[in-house]
Amino acid sequence: MKYLLLVCFIISGCQIVPPPTKQPAQMPILAYEADVSDYEIPEPESLLSLTAEQVAEFRRFQLQSDVNTLLPFQQVKHFLEKRLVNFNYEGKNYSAAEALELNQGNCMSLALLTYAIASEFQVDISFQLLHTMPVLLDVTDRYSVTSDHVRTFLYETNNDGSNTLFSGNKSVVIDYFPSRYDRGGKKVDTDEFFAMLYRNLAADALFSDDLPLAYLLLKKSLSFSEVYAPSINMLAVVLRRLGDVKTAESLYRYGLEVSEDKVTLLSNYHYLLVRQGRIVEALAVKKQLLELDDSSPYKWYLVAQDSIAAADYLSAKVYLNKFIDNTYYFHRAYFDLAKVHFKLDEPEQAKKALRKALDYTDLPRNQQRYQAKLAWLKSR
């Protein structure tokens, strides 16, 4: 079969008219109206604000003989290390003042507290997203939520007060839940940090089944970053539950166009299409997900869990292998893969996966569990 390639130039004088440029994607219009008067959506300033007593506590700390010779960015780190010795690392979202007063909070609360102290004393700061092992914070019959993890960089300030983030000046790292399995991700600017923070607050509202509040908090999140995929995804979920399926689908399509973080968007878009009985379109979205190359490994693990729950073992095998290709040391993934191979009547591959699980676990309880499963498979 031959193909005819026709190239046309429209010429006016000596000019070639360029093809029309593609219009940038536009955020869908959010027509749902929540009663704002029923809620008080906090502004960033109130989340960052420290009490006069807390500022005074830091001032007193600065005057100590072993602290007053340190540079401000070192003083902030030293204060946090001393002050948070008995900190209760609960998965709760608090403002900076609440986290310091209660001496507890999640990773984002601690990052917010660090930001608040650094801002109070004019210390430059930046954040980095980390890829960590999945930590399931909460689960219901509708949702599962996993933790985000960020670490904070504090920088030496120049005498003239100029920005030092790219000047090569000294810096210190504050990592709240360090793990040998953490993988550094992209740097997060201030806008995206607040987008993450309001998304966390929206998750609290979602689990309380307060959909209007979750909607308002997600709108606030997207006001800081219209391309922040987790908030786009969660807003689509909220709108679907509020009955606005059309806008939910538009949000999935928008998110897939503007964000590089597509795994969860594709997975939830597939779920929406299946619920509507649009099987052909759902299969097309599933195909995109199966073929996607994404370097954020832990999302693949969570999508695999969804596929296992839906008895879609062929897809689960693909997702688990994508995960293992990037994160070979996560023993639970091999155990899950063994279960998938067994369901697919692939006993030899199941045995191989269990041996890998044994290679990468140190806990006797897990070793006994995997050994028992492997012995059972060998006896068949």
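**Salt bridges in the predicted model**

Asp-336 and Lys-339 form a salt bridge, with their closest N and O atoms 3.4 Å apart. The model under discussion is predicted. Across the whole structure, a search finds 13 salt bridges.

**Within helix H14**

- Asp-336 and Lys-339 both belong to helix H14 (residues 331–343), where three residues, about one turn of the helix, separate them.
- Asp-336 counts as buried because its relative accessibility is 7%, under the 20% limit.
- Lys-339, by contrast, is partly exposed, at a relative accessible area of 41%.

**Within helix H11**

- Glu-291 and Lys-287 are linked through their side chains by a salt bridge of 2.8 Å, N to O.
- Both residues lie in helix H11, four residues apart, which corresponds to about one turn of the helix.
- Glu-291 has a relative accessibility of 54% and therefore counts as exposed, the cut-off being over 50%.

- Lys-286 pairs with Asp-312 in a salt bridge whose closest N and O atoms are 2.7 Å apart.
- This pair connects distant parts of the chain, 26 residues apart: Lys-286 is in helix H11 (residues 279–291), and Asp-312 is in the loop between helix H12 (297–309) and helix H13 (313–326).
- Lys-286 counts as buried at 13% relative accessibility, whereas Asp-312, at 23%, counts as partly exposed.

Technical notes. Residues numbered from 1 in each chain as written. Predicted model: local features only at pLDDT ≥ 70, side-chain atom pairs only at ≥ 80, totals over all residues. Heavy atoms only, no water. Salt bridge = Lys/Arg side-chain N within 4 Å of Asp/Glu carboxyl O. Helix = DSSP H or I, 4+ residues; strand = E, 2+ residues; numbered from the N terminus. Buried < 20%, exposed > 50% of the residue type's maximum accessible area, 1.4 Å probe, protein only.
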